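Subject: Handing over the structure

Hi,

Here is the structure I promised to pass on.

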Amino acid sequence: MKRLLRFTVNGHSHALDTSADRPLLAVLRTDLGMTGTKYGCGQGLCGSCTVLVDGKARRSCSLTLATVEGKDVTTIEGLAAGGVLHPLQRAFAQEGGLQCGFCTPGMIMNAAALLLDKPSPSHDEIIQRMEGNLCRCGTHVRIVRAIEKAATAVEGTR
Amino acid sequence: MSHEPDYLALTFSDIEVLPMLDRREFLKKVGSGIFVFVALGDLVLAQDPDGRRQQFRPQAPDDFNAFLRIAEDGGVTCFLGKTEMGQGVYTSMAQLLAEELDVQLDAIEMVMSDTGRCPWDLGTFGSMSIRYVGPTLRKAGAEARAVLLELGAKELGADASKLETVDGEVRVRDQPSRKVSYGALAKGEQIQRVVAGEVTLKEARDHKVIGRSEIARDAVAKVTGQAIYAGDIRRPGMLYARILRPPAHGARRTSLDTRAAAEMDGVRVIEDGDLVAVLHATPDGAAAALGRVRADFEVPESDLDDQNIFEALLADNARGRGLAKAGDLKVGEEAAAHFFDSTFLDGYVAHAPMETHTAVAEVGAESATIWASTQTPFMVRDAVARVLKMEAPKVRIIAPFVGGGFGGKGRSPQADEAARLAQLAGVPVHVEWTREEEFFYDTFRPAAVVKLRSGVDARGRMTAWEFDVYHAGTRGAGQFYDVPHHATTSYGSGWRGGGGPHPFGVGAWRAPANNTNTFARESQIEMMAAAVKTDPLEFRLRNLKDKRMIAVLTAAAERYGWTAQSPAGSRGRGIACGIDAGTYVAMIAEVDVDKNSGQVQVRRVVCAQDMGLVVNPRGARMQAEGCITMGLGYALSEDVRFNGGRIHERNFDTYILPRFSSVPEIEIDLVDTGVPEANGGGEPAIVTVGGAIGNAIYDAVGARLMQMPMTPARVLDALA
Ligand code: FES
Ligand code: FES
């Protein structure tokens, strides 16, 4: 059943006439043409599709539109503010926290939620919070390093 | 505010020329510039020197394609059929060119993996890009530089011997004001050269860009979500497809009812022989429609499963192929004080790239374009052309960024599917395999058996070595220890072309066969070392003559801080060494084993690798780290379970990839023994992971694991 659904993506409000049980991932990638968020498993098992919903990391493949109604969604495309890379984006690039890059948007969004929550997480906290995000290229050690570096950068600007 | 990405953002040159043009026509179409062409025959020879891959060779090997252009603005465009799938060739290949041409890395634009614009390429696998195509690319750069020097000599009125090239300019040496830019020299001209046999490349001591660590040039696109993968392509009128799949390999469809799906809003049903698909303007719409398709299948009965597959492999009576032989095994066996007769087993593993097989096809009456996640765009082009009944040059395959391949994205049948559906439906079609389809249609690394008989004398010298590998393949089976009496035989076709009793497709998996072979060899080595109560490092050095292997072993031991004393408690360390793609690797793993649960935690991995010439040390380290991390999976947790043609693994809940908490501290040493050419970098460091961990487990708790993955249950079994 279609109805008008309102929500915000990267600061832009959207009103879509569609059915409320559609997965957010498909709507982002198809209806809104924002392809930065990736499909990896469709079952909430890999984290490739991670976005922020009101500042919390959520897996958009397993989230219906109804659950984001009236909420703020942030995707990888919305993370860089005014053309300036987010500290996480810069740190991932500098530290080499990516190879094929397919898991990268989900990794960065998941880390962004972590830093919102805990601006200076410990090494163990990083591992624990990133545990559910998979990377087949094996960039883990560098992702951890990048998050540590970004955390310092975020901390420094406070 | 739907944003419109530029789909050629990776390959965005003004040269939009299609491949059916010959050299003369090509030059008519493009503007001025200096062009270096390559004879396809040379590319074939470079990539398939022994002619093993005849069937994939280009149809017109006497043709020429543009390899690089220097335009009037001084920009350099390089056309290269390789795919960037995370291994970093987008960066390292540009480094090779920047070195020979004396331009900034930023001045080089890479147009890659587009059969419409790049010269023929065999595909991106086997760690061959830098090794086999790199030298040709460097020659093209050197050729272009020679042209520039000639033109510069004319322009500056100076003898070419007095000139130098710096940063995109030709200059008179010691007279900095007398100079001319490459762009100015290319202006209004159309100069063509062919990469010839004899071109002088720069000497290693003069390298400025080769050997310099560079950040991946695609990093910013990838951290901002702008990097385009096949599934991100959107075409006008495009529909998303979901395809009806059988529940098991070998299943036959006995009934089909698509009426309920066809009645749904906006759904189109396509039925063409074996291919049944539903199309919709959204992927979730297509998924819902597929849910309404009713079909019955007849699944053939089979007792074959992941437990008894090894007997089936041995019972297969596959033909053996001798790989190496010397001395007399009987004599070697008699000289042995200790003799070992072992059987090592290795299960099926999945490629599981984070990006599933994906393609978007746009098919017209005369020509077709398919964006596909593939490692082998030219092979896929030929396959799609057959499906569409078009001539190969009319089919253009573009592999944008690929989200991981590891050997699993060679054949790429999703491109055929998308092309067929697009042709039947008359609109562009998007096919993205679900994770479940990915696990089902993956060409797994084949299960394999290694039978190894070897002997050692009382002084710890190896006397005999008989290595028989079944169905893994030959890579890494080679013998580099110094044994007087040895024989190595490979049974079955391995992963090449499948065959054997596998109930589903098998194929190349990062360093094919070598993970299996190295696990067996290096486990056996430490079993022998233990029998003669000799330190495993010492034992290897005693039985080695190969200087490169000695160098990497010594380097790894030093970096690790190896002593005769093994760690206390249930902590252990193990060594493995091996050769892959010309590169020598020695690895030391340190593990903790929980004797109650059988759980193995790898704490630290030290890897020393001699890969010859290193183009981008940072990239090389990243590849080695990736290899080690990925290797944890085949060593400890990844196992495809099945029954007949039914695959039990469907998603990441049961198929366990390495995660953040499983990753050890990793240290990489790049060892330089003065080898002038580049060896492979994308695969070698994975081959030693299983062996090093297996040996470390033995060192920790005395349990010898004869089968991978070394799951907690198998560790407990070995302890019992
Ligand atoms: S695609 Fe959503 S968690 Fe994997
Ligand atoms: S960078 Fe390839 S999956 Fe993570």
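**What I found**

B:Pro709 sits in the loop between strand 29 (707-708) and helix 19 (712-719) of chain B. Helices (H or I, at least four residues) and strands (E, at least two) are DSSP runs, numbered from the N terminus. The peptide bond that joins B:Met708 and B:Pro709 is cis, with omega at about -5 degrees.

Before you go further: this is a predicted model, in which local features need pLDDT of at least 70 and side-chain atom pairs count only at pLDDT 80 or more, while totals for chains, interfaces and linings use all residues. Residues are numbered from 1 along each chain as its sequence is written, chains are lettered from A and ligands numbered from 1 in the order in which they are written, and side-chain values use heavy atoms, with hydrogens and water left out.

Another backbone detail is in chain A. A:Asp54 has phi near 50 degrees, a positive value in a residue other than glycine. You'll find A:Asp54 in the loop between strand 3 (50-53) and strand 4 (56-59) of chain A.

Staying in chain A, take helix 3 (residues 87-95) and helix 4 (residues 104-117), which pack at an angle of about 130 degrees with their axes 10 Å apart. (Axes are lines fitted to C-alpha atoms, for helices over the stretch in contact, and angles run from 0 to 180 degrees between N-to-C directions.) Helix 3 of chain A and helix 4 of chain A are therefore oblique to each other; angles under 35 degrees count as roughly parallel, over 145 as roughly antiparallel, 65 to 115 as roughly perpendicular and the rest as oblique. On the helix 3 side of chain A, A:Leu88, A:Gln89 and A:Phe92 meet residues of helix 4 of chain A, including A:Met107, A:Ile108 and A:Leu115 (contact means heavy atoms within 4.5 Å). By class, this contact of helix 3 of chain A with helix 4 of chain A has seven nonpolar, two polar and no charged residues. Here Ala, Val, Leu, Ile, Met, Phe, Trp, Tyr, Cys and Pro count as nonpolar, Asp, Glu, Lys and Arg as charged, and the others, Gly among them, as polar.

Chain B has helix pairs to look at too. Helix 3 (residues 89-101) of chain B packs with helix 4 (residues 129-156) of chain B at about 35 degrees, their axes 7 Å apart. That contact of helix 3 of chain B with helix 4 of chain B has 11 nonpolar, four polar and three charged residues. Helix 4 of chain B also crosses helix 2 (residues 40-47) of chain B at roughly 145 degrees, and the two axes come within 8 Å. From helix 2 of chain B, B:Leu43, B:Ala46 and B:Gln47 meet B:Tyr132, B:Val133 and B:Thr136 in helix 4 of chain B. These residues divide into four nonpolar, two polar and no charged.

Now the domains. The assignment for chain B (bounds come from an automatic or database domain assignment) gives domain 1 (7-199), domain 2 (230-299 + 357-432) and domain 3 (309-349 + 444-719). The C-alpha centres of domain 2 of chain B and domain 3 of chain B lie 39 Å apart. Their contact takes seven residues from domain 2 of chain B and nine residues from domain 3 of chain B.

Last, B:Tyr491 lies in strand 22 (residues 485-491) of chain B. Among the residues that B:Tyr491 touches are B:Arg319, B:Asp468 and B:His471.

Cheers

Notes:
Lists of a residue's contacts leave out its neighbours within four places in sequence.
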